[in-house]
Amino acid sequence: MRTIVSLGLMLLLLFAQGCKKAEFGDPVILVTGTEVSPIVKFTVENTPATYAVTATATHKATEDINITFAFDPEAVTAYNEEHKTSYFAVPEEAIEIDDLSAVIRAGSAASTPVSVKVISTAPLIDGRTYLIPLTIKSVNKGGMTVLESSRTIFLRIARIISFAAVSMNNSTGATTGSPGTRGRFNGAFLFDPQNPERLANFTVEIKNLVYAFRGGDGNTNPQPIQTLAFWTNQWEETTVGLRYGELGNPNNSLQLIGALGSAFAYNFNPNQWYTISLSYDGNKCVMYVDGNKAAEVSGSMVLEFSRMQFGQVWGGYDTRQYFNGRIAECRVWSRALTASEIKLNLCGADPNADGLLAYWKLNEGSGHIFHNLSKEGARYDMDWSKVYWDPGGVGNDNLTLADKSMYVTWTDDELNKCSQ
């Protein structure tokens, strides 16, 4: 536990930085845990989840001190304005606070707790970071003032989300056969190919997990290469894509390939989820891994998007470069997201977010239709009984319709968790 001595040293630093409402060295009261930052993580995996908020005095109380807290959504607005952030105050129906009063007993420096409960996460929208703001409203007796910089605590709800996902491996499915059946889950879905979305700026994203990285070389079947996804037009004339294990590179490296050239990120682990984001601002494309910049390539392109492809669909490569893992949270944006925006969306995005063109959570858990959650609606639904592959492997108009519905396999286990 933090001792009164260490807390006092921390407060000396706070006073030295110009804290108001107290003279240097005077006894003060603050919300416990806010000495470094007012934003404190509150992990929520199951509901109800409880967090005990307390107040701390820098000197032992000589009499009982009554403290009243208040739920203060306006404090979130003020914090956002001051720090240029975009937090949301938690909806009141998601939480329960029975009693907002606390007491620092005479002879003590810590108050009784105020119990804050998250009773439901249903009102919380994916892609938003929520704060529970509690402010010390009043202090009765004790002769101490409130340290203004630590008057309010913002409990940041960090949800641990379980989800269903698609297994692209489908190890029970055939890997050879007649056109339209060979391969596994791999396929390309076409959306109105005559009218592609022309994206001068864009971000494309996919969450993925690899079961194992393969060894071998270009002559083996399967190869070390595992093709993850491509965002392109019908004839692959403008393309950005992702694949692991390009020949000559470590098998656990990830390659950005396509019209802008090539770049690599390294040192991926098996059985671990990663969110990969490719953000293009018209001059450069940055690859982010879980919101952290990993690689960059410069160039000029306009992504004509009308084709979403999972895995490799070229004849001869479809079985050699199949993806041995799972996917979720695939998105297409019509703007370049920043690193901070990407980090807010690691577990999910707000379906009504600005610029979100297409959004497949891939968490239906059954069936073979992947529903688009963006404002574009059914326009970007994908029916995996109506996908295409390219038996000639040359990217021309020789596309063959295939029914891959039998290869859609859902997973829902302890691997499928995300911390928001």
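**View 1. Contacts of Gln309 in the predicted model.** This is a predicted model. Setting aside neighbours within four places in sequence, Gln309 is in contact with Gly187, Ala188, Leu228, Ala229, Phe230 and Glu236. Gln309 belongs to strand S25, residues 307-310. Is Gln309 buried or exposed? Gln309 counts as buried because its relative accessibility is 0%, and the cut-off for buried is under 20%.

View 2. Asn345 sits in the loop between H3 and strand S27 (356-360). With a relative accessible area of 6%, Asn345 is buried. Which backbone oxygen does the side chain of Asn345 reach? That of Glu341, at 3.3 Å. Not counting residues up to four places away in sequence, Asn345 touches Gly127, Arg331, Trp333 and Leu337.

**View 3. The second largest pocket.** The space in this pocket is about 330 Å³. Its lining is made up of 15 residues. Nearest the centre lie Tyr87, Thr129, Ser340, Lys343 and Leu344. Which element gives the most to the lining? Helix H3 does, with four residues. H3 covers residues 339-344. Both S12 and H3 supply at least two lining residues each. By type, the lining divides into four nonpolar, six polar and five charged residues.

**View 4. The two faces of helix H2.** Helix H2 spans residues 73-83, and its buried residues are Ala75, Val76, Tyr79 and Asn80. Why do these four share a side of H2? They cover an arc of only 140° around the axis, which puts them on the same side of the helix. A general rule of helix geometry fits here. An α-helix has 3.6 residues a turn, so residues three or four places apart point the same way. Turned away from the buried side is a face that carries the exposed residues Glu74, Glu81 and Glu82.

View 5. What do the buried residues of H2 pack against? Their partners are strand S2 (39-44), strand S6 (88-89), strand S10 (130-140) and strand S12 (152-162). Just after H2 comes Lys84, with a positive phi of about 55°.

Conventions:
Residues are numbered from 1 along each chain as its sequence is written. This is a predicted model: local features need pLDDT of at least 70, side-chain atom pairs count only at pLDDT 80 or more; totals for chains, interfaces and linings use all residues. Side-chain values use heavy atoms; hydrogens and water are left out. Buried means under 20% relative accessible area, exposed over 50%, partly exposed in between (1.4 Å probe, protein chains only). The arc is that of the directions from the helix axis to the C-beta atoms. Contact means heavy atoms within 4.5 Å. On a 1 Å grid over the protein atoms alone, a cavity is a set of points where a 1.4 Å probe fits but cannot get out, and a pocket is an open set with protein on both sides within 12 Å along at least five of seven lines; lining residues have an atom within 4 Å of a point. Grid points are joined across faces, edges and corners, and a volume is the space filled by probe spheres set on the points. Ala, Val, Leu, Ile, Met, Phe, Trp, Tyr, Cys and Pro count as nonpolar, Asp, Glu, Lys and Arg as charged, and the others, Gly among them, as polar. A polar contact is a pair of N or O atoms within 3.5 Å; within protein, one must be able to donate a hydrogen and the other to accept it, and residues adjacent in sequence count only if both atoms are side-chain atoms.
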